[in-house]
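Visitor: I would like to learn how to read a protein model, one feature after another. Could you take me through it slowly?

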Amino acid sequence: MDMNLPREITFENQRQPVRSVVQLWALRMLVGMQGQHSHLYSRHLDLERLQAWLDLSIVTDELGGEADKKQVHAALERLHRELEQQAPAVPVELARNVGRLRELVGLSEVDSRLLEFATLLHTDALLESVANTLGDLSTRATSTCLAQLLKLPLVEVRESLGARGALARSGLLTLSRGGQETLKDKLDIVSNQFAEKLVHSEIDVMQLMRDMVSPSSPGHLTLADFAHVRPTVDVLGTYLQGALATGRTGVNVLIYGQPGVGKNQLVKAIAQSLGVDLFEVASEDEDGDPISGNRRLRAYRASQNFFGCQQSLILFDEVEDVFHGTSEDSPFAGRTTHHVRKAWINRMLEGNAVPTFWLTNLVECLDAAFIRRFDVVLELTVPPRRQREQIIREACQGLLDEPAVARMAESQVLTPGVVTRAAAVVRSLGEPPAAGATAAVQRLIDNTLRAQGHEAMGVSGPEALASFYDPQVANTGADLQRIAAGLARTGEGRLCFYGPPGTGKTACARWLARELGRPAMVVRASDLMSKWVGDNERNIARVFRQAQDDGAVLVIDEVDSFLQNRREARQNWEVTLVNEMLTQMESHSGIFIASTNLMDGFDPAALRRFDLKLRFDALRPEQALALCLQHCAALGLPEPDTASRQRLEALKQLTPGDFTAVVRQHRFSPFGSVIDLVAALEGECALKQPGRHPIGFVH
C-alpha cells in the first residue's frame, strides 16, 4: 500500500445499520466533549472493538500521525450527525421498567433519563470504556458532563442528583461525593444485578429487588415462646397495628441480644400475628457474596419506596455493619464519613414509610443519638428455664426423652438457635435410636457452647445436686431448713456463703433452690468476665435480670472477684465493677446467693448488703460418718467398721467436696472395700496440709 496516499475511512457497508442510544452517547463523548483527538489512543479505549461496535471500517495499515487522527475524527463526526438526526431511544425493556419505577417511586423526567444512562453505563463495557476517556471527574464536573451528554438542564441535573432528590431518597442512584472518580464510579447504582434486570427483561418489582430485599421465610416459633418479653411485645404489637392503620412514618424498633436468642423469630412471629408481609434486607447477593453496609442501606431506602403503599414490615438484620463509623466513641468508628453518615441515617430513621425492625448482636455499635430515635428498644435474652424446656421439647420432638429435655433446659446459656440447628442436623441423618439421637444432639450442642466460650452441658454436670443431699451434713451452725422456710415466705433475700473450698456452699444453694421449687441459676465469676471495657458490668446486669425473669435462685460462685474493697482498687474499671454488683444486689427482688472462699478484703458496703452471712466449715465427725454411710450405700460397700470410723474422725479437714472427688475416682478405679474409700479420703485431706505434697496415685 502506498503510504503517501490518504487513508480511506468509510462505513462498513451502504445498508443502514440499526443504531442505539448507547452509540449516540459514546459519539457525544468522543466527538463533542473531548476537544482533542488523543482520546482515540487512550489506554482506556479499545479502538478495534469501537470500530466493530460502530460498524465503522478504518482502512489503514496503522494509525498514527495527525492526518490519521483527522480522518478518524471526521468519520466519527459524520456518524455523530447521522445519529443525532435519528435520535435513537433507549432499549424498550429499559424504558418500560424505568417507567414503572417512575410511577412507583415518583421519579421526574430528568430522574428517569439519568437512571437510564447510569443503568446502561453499568451494563455496557464499551460505553464504560468510552466514558473512561473523560478521565476522573469532580462532583460538579459530573453534573456538567451529564447535562451536556443527555441534553438536560444543568440546574435540574444537579437537583436530581442531590441528597434530597428522588433518586437518592429511593436508593436507586446516588452521586458519589468521595473526590474525583470515573463517571461510572460517580454514578453509584443500587446494585449491578439490579441494572442487569432493568435492561434485559420486563419483570415485577420483587424480581428487581430480589438481591436487595426479599420476602421473609416463615418462622418456627410463636409469641408464646417469648413470654419473658411478652409485656413489651404486647405494647409493640398494639403500636405497630396503629402505625400501619394510620400510615405513621418514622416507626423503628431496635431488638438486640446475643446470637441465637431468637431475634429473627420474634420479628416473624410479630408479623404473623399482625397478618402483614415481612421483607428482609439482604446481606448477600444472588451469587452469595456479602453486600456492603452502604449498599444494604441503599437497598433499604429503595424498599421504603417500593413497599410504602402496602401493609408490610421490614427486617434489617446485622445492623452493626451499617452503623459502624457513625459513633466517634465506637471501636468501629471511621472518621471520614462520621458526621455526613450520621446525619443521613438520622434523617432516614425519622422519615421511613415502612415500620422497620433493626436487629443487632452488638448494641455498642450504635450511637446514643440513634438509639433515642427508636420507638421501642428491646433486649432479647436467653428464655427462662420453663420456656427453654418448651422450646427444646418442640424442636427435638422424637429425639430427646423428658429427662434429657429437663437436663438441657438447666443451661442458662443455651439459646433457641443452637437447639433448633442441632435438632435439624440430627434429623437429616435419618432415624437413629433414641439413645443415639440424644447423644448426637448433646454432642452438637456441647461443641457449639464450647466454641462460644461456655462450658459444655455434660451428661449431668459435676455441679449437679446429689440425689441424697442432706443439709444436715453442711457444717454451718445454722438451721438450713428454717432458712429455707423463711425464704419461701418472703420470696427474696441476699445471702453470702463463705468458707474453704469443698465445704458444700454451691450444693447448699442448689438444695435451697430445690426446696423453694425454683430453678438454680449458677454462674461462675469467670463466665461474667470479659476483656472489653464495660462488658463485665453488662454481664452482671444481664444475669440478675435473667434470674429475675426466670424466677430463679441466682448463685454467683467466686463472687470475691466483684466485691473487693474499692479503696484498694488500682484501676477505675475495678471500682465500676464493684459499683455495678452492689447496685444489682440492692435492686434485686429475688433470691441471690454469693459464694466465696475468700471473705477477707470484701468491700464494707458489700458486707452490709447481705441479709445473712453463713460460714461453711469442714465436716464434724458425726457429719463425716453420716456422709460416708450414704456413699457406702450408693457404691455398694459395707458400712465402715470401728477402725475405719476412727480414721474418719481423725480427718479434721474433710469436706463434702472430698467425697465427690473420691466418687469420681471410683468410676475408673473402683474401691474394693470401705477401707479403700477411707484411704482415698485421707489422701484428699493430706493434700490440704501445708508442706505435704504426695507424689503419685492416692488410693
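The conversation below goes from the whole chain to its sheet, its salt bridges and its aromatic pairs.

Guide: Please keep in mind from the start that this is a predicted model.

Visitor: How many helices and strands does the protein chain have, and what percentage of its residues is buried?

Guide: The secondary structure comes to 32 helices and 15 strands, and of the 699 residues in the protein chain, 51% are buried. The accessible surface is about 33,300 Å², and 50% of that area belongs to carbon and sulfur atoms. If you take the contacts with a separation of 6 or more, 75% of them are made by residues 24 or more positions apart.

Visitor: How should I read a sheet, and what is the order of the strands in the open sheet here?

Guide: The general idea is that strands of a sheet pair through backbone hydrogen bonds, in either a parallel or an antiparallel manner. In this structure an open sheet of six strands runs in the order β5-β7-β8-β9-β6-β10, and its pairing is mixed. The edges are formed by β5 (213-215) and β10 (376-379), each of which pairs on one side only. On average, neighbouring strands of the sheet are turned by 25 degrees against each other when direction is ignored.

Visitor: In which sense do strand β8 and strand β9 pair?

Guide: Strand β8 (residues 312-316) and strand β9 (residues 356-360) pair in the parallel sense, over three bridges.

Visitor: Which strands does helix α14 touch, and which does helix α15 touch?

Guide: Helix α14 (residues 263-274) packs on the sheet and touches β6 (252-256), β7 (277-281), β8, β9 and β10, with its direction at about 165 degrees to that of β9. Helix α15 (residues 293-306) also packs on the sheet, where it touches β5, β6, β7, β8 and β9, and its direction makes about 175 degrees with that of β8.

Visitor: How do I read a salt bridge, and how many does the structure hold?

Guide: In general, side chains of opposite charge can pair when their charged atoms come close. The structure holds 17 salt bridges. One of them joins the side chains of Glu116 and Arg113, at 2.6 Å from N to O.

Visitor: Where do Glu116 and Arg113 lie?

Guide: Both lie in helix α5 (residues 109-123), three residues apart, which is about one turn of the helix. The general point is that an α-helix has 3.6 residues a turn, so residues three or four places apart point the same way. Glu116 counts as buried because its relative accessibility is 3%, whereas Arg113, with a relative accessible area of 25%, is partly exposed.

A second case is found in helix α19 (residues 385-395), where Arg393 and Glu389 are four residues apart, again about one turn of the helix. Their closest N and O atoms are 3.0 Å apart in a salt bridge. Arg393 is partly exposed at 26% relative accessibility, while Glu389 is buried at 18%.

Visitor: Which distant parts of the chain are linked by Arg494 and Asp611?

Guide: The side chains of Arg494 and Asp611 meet in a salt bridge of 3.8 Å, N to O. Arg494 belongs to strand β11 and Asp611 to the loop between α28 (604-609) and β15, so that the pair links parts 117 residues apart. Arg494 is buried at 15% relative accessibility, and Asp611 is exposed at 52%. Elsewhere, salt bridges that share partners join Arg102, Glu109, Arg113 and Glu116 into one network.

Visitor: How do I read aromatic pairs, and how many are there?

Guide: The idea is to look for rings whose centres lie within 6.5 Å, and by this rule there are seven aromatic pairs. Phe497 and Phe616 form a tilted pair, 5.0 Å centre to centre with 50 degrees between the planes. Phe497 lies in strand β11 (residues 493-498) and Phe616 in the loop between β15 (612-615) and α29 (621-635), so the pair ties together parts 119 residues apart in sequence. Both Phe497 and Phe616 are buried.

Phe544 and Phe592 are also a tilted pair, with 5.1 Å between centres and 55 degrees between planes, and both are buried. Ring pairs also link Tyr300, Phe316 and Trp358 into a cluster.

Key:
Residues are numbered from 1 along each chain as its sequence is written. This is a predicted model: local features need pLDDT of at least 70, side-chain atom pairs count only at pLDDT 80 or more; totals for chains, interfaces and linings use all residues. Side-chain values use heavy atoms; hydrogens and water are left out. Rings of Phe, Tyr and Trp (its six-membered ring) pair if their centres lie within 6.5 Å; planes under 30 degrees apart count as stacked, over 60 as edge-to-face and the rest as tilted. Helices (H or I, at least four residues) and strands (E, at least two) are DSSP runs, numbered from the N terminus. Buried means under 20% relative accessible area, exposed over 50%, partly exposed in between (1.4 Å probe, protein chains only). Two strands pair if DSSP finds at least two bridges between them. Axes are lines fitted to C-alpha atoms, for helices over the stretch in contact, and angles run from 0 to 180 degrees between N-to-C directions. Contact means heavy atoms within 4.5 Å. A salt bridge is a side-chain nitrogen of Lys or Arg within 4 Å of a carboxyl oxygen of Asp or Glu. Accessible areas come from the Shrake-Rupley method with a 1.4 Å probe; for residues, only the protein chains shown count as cover.
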